[in-house]
Amino acid sequence: MEIAYLDTSALVKRYHKEEYSDIIDEIFEKYVISISELTIVELTSALRKKVDEKEIRQKEMFRVLTKFYEDLTDFIVLKFDSEVISNAVDLVIRYRLKTLDSLQLAFAIKLKDYDPLFVSFDRKLINSAKSEGFKVLEI
């Protein structure tokens, strides 16, 4: 089975129904999912923001987080290391990416030998991933 690397903008659509959630659900059926440790924190933050903006209730946030943590056992979770940091610095300079976006792409680079599908809903990050030779989800 092929690997798909999802950044937070993509993964959140799995746990909070919104535009393109159906596409993410299809990716979950067809690919082994990979995320970074960073995504764990970012997803929690995104859900917290949805509570603060009254899109969801706190009880729903905890239900979703429980489901997410159960699902983590099925994901490839990439760990921080010095190579990720070094690559992220290079990506900031090369593509003018924001900190977290450069880290997401740097994590994905760890999977380059497996030719993963890079999934994001951030246009600048998608274009940077393309420049790095990744297959990307085109929406």
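**Close-up 1. Two buried phenylalanines, F28 and F75, in the predicted model.** In this predicted model, both F28 and F75 are buried. Because F28 belongs to helix α2 whereas F75 sits in the loop between α4 (58-71) and β3 (76-78), their pairing ties together parts that are 47 residues apart in sequence.

**Close-up 2. The aromatic cluster that includes F28 and F75.**

**Close-up 3. The stacked pair of Y20 and F121.** The rings of Y20 and F121 are stacked, with 5.3 Å from centre to centre and 20 degrees between the planes. Y20 is in the loop between α1 (8-15) and α2 (21-30), and F121 is in the loop between β4 (117-119) and α7 (123-131), so that this pair ties together parts 101 residues apart in sequence. Y20 is partly exposed, its relative accessible area being 28%, and F121 is likewise partly exposed, with a value of 24%.

**Close-up 4. Lysines over aromatic faces: K13 with F121, and K112 with F134.** K13 lies over the face of F121, at 4.8 Å from the ring centre, and the ring of F121 also takes part in the stacked pair with Y20. K112 is placed over the face of F134, at 4.9 Å from the centre of that ring.

Technical notes. Residues numbered from 1 in each chain as written. Predicted model: local features only at pLDDT ≥ 70, side-chain atom pairs only at ≥ 80, totals over all residues. Heavy atoms only, no water. Phe/Tyr/Trp six-rings, centres within 6.5 Å; stacked < 30°, edge-to-face > 60°. Helix = DSSP H or I, 4+ residues; strand = E, 2+ residues; numbered from the N terminus. Buried < 20%, exposed > 50% of the residue type's maximum accessible area, 1.4 Å probe, protein only. Lys NZ or Arg CZ within 6 Å of the ring centre and 35° of its normal.
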